[in-house]
Amino acid sequence: MNIIPRTVEVGGQTIEFETGKLAKQASGAVVVRSGESTVLVTAVCAPGNRPFDFLPLTVDYQDRNGASGTIPGGFLKREGRSSERETLACRLIDRPIRPMFPKHFRSELQIIATVLSFDPDQETDVLALCGASAAFHISNAPMSEPIAGVRVCRVDGEYRINPPFEDRQKSDINLIIAGTRSAITMVEGGASEAGEEAMLDCFDLAQECIAKIIDCIEDLRKEAGQPKVEVGEAPELDDKVVKYIERYGKKPLVTALATEGKHARSAALKEARNKLIEKIVAKETEDDVIAAKTSDAKEAWGKLLRKVMRETVLSTRSRIDGRAPDEIRDIWCEVGVAPRAHGSCYFNRGETQAYVNLALGTEMDGQRLELPTGKEERTWMLTYNFQPFCTGEARPLRGPKRREVGHGALARRAMIPVLPAKQDFPYVFRATSEILESNGSSSMATVCGATLSMMDAGVPIKAPVAGIAMGLIKEGDDYAVLSDILGDEDHLGDMDFKVTGTRDGITAFQMDCKIAGVSREIMAKAMSQARDGRIHILDEMAKAIATPREEMSRYAPRITTIHIKTDKIRDLIGPGGKVIRSIQEACQVRVTVDDSGRVDVASSNQEFTDKAIQMIREITQEAEIGALYVGVVKRIVDFGAFVEIFPGTDGLIHISHLAHERVDKVTDVLQEGDEVLVRVIDVDRSGKIRLSRKEALDSL
């Protein structure tokens with residue numbers, strides 16, 4: 001057994017890569033360790049080509065309960081389908097690695113990252129990302145160059161690399177940044193209204209650490225690397241076909257590109273392309289062009305489309321739909337569109353449209369998650385649904401795809417910094433975004449819609465949040481940064497990054513770069529332009545609703561909070577929850593109580609709320625010395641009578657306090673079931689209550 005280890009120190013932590021011991025039948029297998037976290041990452045490059053027109057790469061990340069010393073919940077007691085956390089980790093690995101392979105490579109590739117041991121202070125997502133790069137790099141898979149990733153957090157004004165769990169929890173910037181030795185290619189994360197300059201500082205720090213990790217991966221390959229699969233040059237298109245397409249296709253292409261509307265423009269481009277291709281395939285050309293495959297002619301047309309679109313933007317600073325690079329599409333918003341929803345809106349930007357509604361609930365409606373870091377109660381949820389009709393497609397509805405999970409997580413993250421504190425607004429929120437039309441930036445429309453629906457619901461958010469998708473066209477030293485990109489600009493451009501934030505700063509950031517590198521100057525320009533666009537969008541949103549409504553929907557639950565003593569919690573809950581359930585059924589309310597004695601009563605009917613609170617007060621109230629109560633005699637003994645002064649609380653009237661005159665037998669004065677006026681004369685340390693009928697009579 002030839003075990004080959006390599007280590008690198010990053011941010012004060014040691015990361016160890018090891019190969020040659022586990023999973024030796026995979027094309028490449030690497031164990032990555034840091035602290036007490038261990039991830040096994042396997043890479044397989046299957047022989048032979050598949051009949052796909054895309055790179056057949058699949059990525060899976062697997063948390064394992066045993067790795068963190070826990071047992072799965074539920075009856076089956078085994079891990080099920082991928083959780084949201086696992087899906088997001090898959091995307092983090094896939095996005096920076098996929099561009100590292102030749103576009104014409106068609107052998108199946110697979111990465112599986114399995115967590116063997118989980119240490120909360122050493123997150124496994126970035127370890128899996130680095131391990132995937134190392135596994136592919138030592139394998140026979142033709143990856144052009146390795147990548148690596150780190151987590152950068154700002155804690156108390158200090159930037160830290162891969163910090164422990166506690167520091168991540170209190171950081172005001174938390175980014176996962178991946179890239180090659182010389183360029184950042186992927187960013188994912190959030191911030192608490194951070195400035196653009198602070199984000200750029202994170203990129204610079206990450207780049208230094210990424211280069212160190214890549215050096216370690218390269219060193220591992222020197223000793224453990226396999227020969228790479230021969231890919232060969234990308235198939236060359238027939239030069240005569242390419243020249244013919246360029247000569248006779250440019251004019252109709254430019255005319256078709258100028259067509260307004262996504263579907264109309266697509267139809268015009270398709271018609272112009274098909275007319276040209278029909279002539280080539282049938283050899284009915286003006287020039288002596290040999291017959292070509294339809295697929296080759298389409299590819300030549302696609303290259304011309306990319307070239308013309310990019311040249312037009314750079315030479316004229318005019319985009320496909322006629323906008324200037326920094327111009328935002330027309331926006332209209334409408335709130336309160338669904339009477340029964342607690343908050344709702346339409347957000348429309350160009351040909352992208354989202355309907356977002358918000359439901360308010362109580363603590364019982366929160367999402368309970370089992371995570372490697374422990375159980376978590378999520379009180380803010382967002383669901384993103386990309387409907388097939390939004391792009392004019394007809395396809396079966398299935399479960400959410402990874403893209404939908406990723407976009408929903410991004411939009412959810414964008415709103416976290418502006419949510420009210422639980423003690424100020426004790427509600428659970430769930431937003432649902434239905435994408436009704438899509439032509440670029442539907443995730444950012446979801447962010448804007450979530451803000452509008454929250455304000456429509458009367459949620460006192462700290463500030464409105466908007467999002468914008470940015471693009472880049474770069475040829476040599478010339479470049480253009482595009483604001484609010486269309487779907488075609490995303491597809492044909494060099495970079496796609498999404499920024500969300502308030503007027504004061506950034507709350508979420510996501511970037512994918514398709515070219516070798518983007519300078520700090522370009523990133524600074526792009527982020528500045530994004531800020532201007534974000535503020536413009538916030539201004540447009542303010543025309544629909546500028547501040548949260550003062551009154552919530554009449555259908556929304558009203559939560560009234562009271563506090564009881566902690567030793568009264570069990571009285572309120574009752575055996576097996578019997579007492580609290582009886583209150584909820586009798587008053588048609590929801591009652592929740594936490595360990596601090598905080599009690600929330602939720603109902604859309606104030607009368608029901610008042611009735612429930614009265615019942616809770618009666619159950620949890622405590623006897624006051626000197627106070628008068630009308631109680632019920634529950635039990636008679638030789639030395640006195642036990643009287644219940646309120647539900648669950650009773651005290652003793654000693655026989656000497658039954659009357660002013662001497663009493664020989666308790667039953668001469670009281671019988672079980674009698675109502676009697678009493679005064680509390682003492683409460684001892686153990687909580688026992690002494691009552692007096694004699695002193696109560698004196699007060700009449």
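Trainee: Is Ser139 buried or exposed, and what is its relative accessible area?
Mentor: This is a predicted model, in which local features need pLDDT of at least 70, side-chain atom pairs count only at pLDDT 80 or more, and totals for chains, interfaces and linings use all residues. Residues are numbered from 1 along each chain as its sequence is written, and side-chain values use heavy atoms, leaving out hydrogens and water. Buried means under 20% relative accessible area, exposed over 50% and partly exposed in between, with a 1.4 Å probe and protein chains only. Ser139 is therefore buried, its relative accessible area being 0%.

Trainee: Which residues does Ser139 touch, not counting residues up to four places away in sequence?
Mentor: Ser139 lies in the loop between α2 (124–138) and β7 (148–155); helices (H or I, at least four residues) and strands (E, at least two) are DSSP runs, numbered from the N terminus. Its C-alpha atom is separated by 8.1 Å from that of Ala29, 110 residues apart along the chain. With contact taken as heavy atoms within 4.5 Å, the residues touched by Ser139 are Ser27, Gly28, Arg221, Gln226 and Lys228.

Trainee: How many of the 14 residues of α1 are buried?
Mentor: The buried residues of α1 include Arg85, Glu86, Leu92 and Ile93. Helix α1 is largely enclosed by the rest of the structure, because the buried count among its 14 residues is twelve.

Trainee: What is the orientation of α8 and α9 to each other?
Mentor: Helix α8 (residues 402–415) and helix α9 (residues 442–457) have axes 9 Å apart, at an angle of about 45 degrees. Axes are lines fitted to C-alpha atoms, for helices over the stretch in contact, and angles run from 0 to 180 degrees between N-to-C directions. Angles under 35 degrees count as roughly parallel, over 145 as roughly antiparallel, 65 to 115 as roughly perpendicular and the rest as oblique. The two helices α8 and α9 are therefore oblique.
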